[in-house]
Amino acid sequence: MQRFLLRRLALTVVTLLLVSLLIFLMARISGDPSTLLIDDYASAKTLEDLRISLGLDKSYTEQYWIFLKNAVRGDFGQSIVQKRSVGSLITERLVATFQLGLAAFLFSIFVGVPLGVFSAIKRDSLMDQLGKLVALIGQSAPPFWIGIMLMFFFAVRLGWVPPSGRQEATSIILPAVTLGWFFVAANLRLVRSAMLDVLDSEYIKLARAKGVPRPKIIWKHAFRNALIPPLTFAGITLGSLITGSLVAETVFAWPGLGQLAYLAVRDSDYPLLQGVVITFAVFYLASNLLVDVLYAYVDPRIRFG
Amino acid sequence: MLDNVVDSDALKASSVTIRTIFRRLRRTPVIPVFLLSLVVFAGVFAPWVAPDNPRKGDLRARMAPPVWVESGTVEHMLGTDHLGRDVLTRVIYGAKISLIVAAVTLSIGGTVGVVLGLMAGWYGGWIDEIIMRLVDIALAVPLVLVALVMVVSIGKDFPDWLGGQTGLIVLVLASWIWVRFARIVRGEVLQIKNMDYVALAKVAGASTPRILAFHIFPGVINTLIVVATLQVGWVILVESTLSFLGAGVPPPTPAWGSMVADGRDYLAGAWWISTMPGVAILLTVISLNLFGDWLRDKLDPRLRQLAAD
């Protein structure tokens, strides 16, 4: 177990370092950042002073080391366009992203799991066909397009919810559905196949033979066991929800980290982008690490395999 | 089947063929295959099929509705966008870009993945160890974020002979997708390499590259076809997502993702600008998934297990 944990931890750290190195190198390849901050008519002296104040006169390894030290402290410098510290821009938007992620997560569980159960117990019924359609669309439809279509029908046409922003309580519905849609489909498929497996097992047959009422068999005996795959999947979901928030937040102008990344791309605001990407990467890798550790804890085959 | 026995030979032959054709047709995903052929045809022959120029708009005809909506015209079957460009034309040219990106990504990623997978499986030891650690890292990297960083930093400076920003996207996608191929090929090689016919080739004095190319590789082709088909849809989805975020195929090249983004601000007045390219993505990816599933069942039922993870 310990060896497995160390290995996973090492992989996470190496990946994070590689991502940070990539971000650092890209900034240097794309040209001298000081030319971006200063206008074309500045004197050579001003440019040199700026380079020294930015630490650009130091060697690359030294610069990378400083970059890492600052990143650990959450200091990513100044946003070029918004003229504010990247760290504060990120922290003030964290809550909105977590809110949206949580809402999408709950949506995917409370819609996906029951749909999966019903399509398993009423196999090949209309319900099951419908479930298959939901799963197929969830797998194949681009999330940004789903978001725009939802916006068109429920905000523009019907006017039930606001089309964008975060002013009203109902504002969260459409972005959460957009973000959660894929995971509804995933949960549905997982629960359906797990339920079918369990319902086919010997102990369910025994329960049935004993005359246990059908609802009790389904909800007490089968459902509990069928919950294991979606629960383990829930962990993976957490990591992907973070990157998925990029699209949902962009479509609905939800003021979270994802939208911040989009704004950084739109404005070519590299300091801002690197801050957001590193923050995202840390959450992403940390949640993946957590899932693997939990997995190994639950399932000894992984630990020793 | 039983009543065929009493039929004359000729009749039997004909009825069997008709029946088998019928049965095959029922199992073959006719609609997905048809839609895919349509997309490929439109993409390959875009300049001849498209009714208009994808980049030239007619501002007097901007935001004209599709033909089935009141005041829609046959001239612009799917309407026009905010710059008066024909939506159908742009959807057709969008197919071309999506196909090119998917084809080049899968060729590069597939080749690298197959070669590394063959090596990892065949040699084992430290070579295997290094390649599999690379696989772990590639899987752990949040791909879309890395792509954003690359595009914003060097996208505009990426050399034209490598395809400019689109070429950069292809490289990023390929540097991630080779993993899918490498893992599956490695697994197959581990199974095949201990078979008698491989040992025989070795004894007969075949060189390692020859064994890998002529004895091992043919054994993994079926698996490769299935994996590649299922990955095409994924590449199209990621590319369109990046284009939608403004970090993919750069405008004015008509890409499905950026077309959806274009129409976002005109939803109330011209819903078709965003809707049509999205429908194109949806139908293409659904068809690819259905066709891939069918291929998998046909060519390699074992993959069901592998694809689950």
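Start in chain A, where H7(A) passes H8(A) in a right-handed crossing. Right-handed here means that the near helix is turned clockwise from the far one by less than a right angle. Helices are DSSP runs of H or I with at least four residues, strands are runs of E with at least two, and both are numbered from the N terminus.

Before going on, note that this is a predicted model: local features need pLDDT of at least 70, side-chain atom pairs count only at pLDDT 80 or more, and totals for chains, interfaces and linings use all residues. Residues are numbered from 1 along each chain as its sequence is written, while chains are lettered from A and ligands numbered from 1 in the order in which they are written.

**Stop 1: the helix pair**

Select residues 143–157 of chain A for H7 and residues 173–199 of chain A for H8. They pack at an angle of about 145°, with their axes 9 Å apart. Axes are lines fitted to C-alpha atoms over the stretch in contact, and angles run from 0 to 180 degrees between N-to-C directions.

Now show the contact residues. H7(A) brings seven names to click through: A:Pro143, A:Ile146, A:Gly147, A:Leu150, A:Met151, A:Phe154 and A:Ala155. From H8(A) come A:Leu174, A:Val177, A:Thr178, A:Trp181 and A:Phe182. Contact means C-beta atoms, placed from the backbone, within 7 Å. By class, 10 are nonpolar, 2 polar and none charged. Ala, Val, Leu, Ile, Met, Phe, Trp, Tyr, Cys and Pro count as nonpolar, Asp, Glu, Lys and Arg as charged, and the others, Gly among them, as polar.

**Stop 2: all of chain A**

Zoom out. Chain A has 14 helices and 0 strands. Its C-alpha atoms fill a box of roughly 90 × 55 × 30 Å along the principal axes.

**Stop 3: where A meets B**

Select both chains. The contact takes 40 residues from chain A and 35 from chain B. On the chain B side, the elements giving two or more residues are H5 (125–140), H6 (143–154), H9 (208–244) and H11 (272–299). H6(B) gives the most, with 9 residues. This side of chain B has 24 nonpolar, 8 polar and 3 charged residues.

**Stop 4: B:Val135**

Select B:Val135, in helix H5 of chain B. It counts as buried because it has 20 C-beta neighbours inside 10 Å; the cut-off for buried is 20 or more other C-beta atoms within 10 Å. Leaving out residues up to four places away in sequence, B:Val135 touches B:Val179, B:Ala182 and B:Arg183. Finish at B:Val260, whose C-alpha atom is 33 Å from that of B:Val135.

Methods
Two residues are in contact if their C-beta atoms, placed from the backbone, lie within 7 Å. A residue is buried if 20 or more other C-beta atoms lie within 10 Å of its own, exposed if 12 or fewer, and partly exposed in between; C-beta atoms are placed from the backbone.
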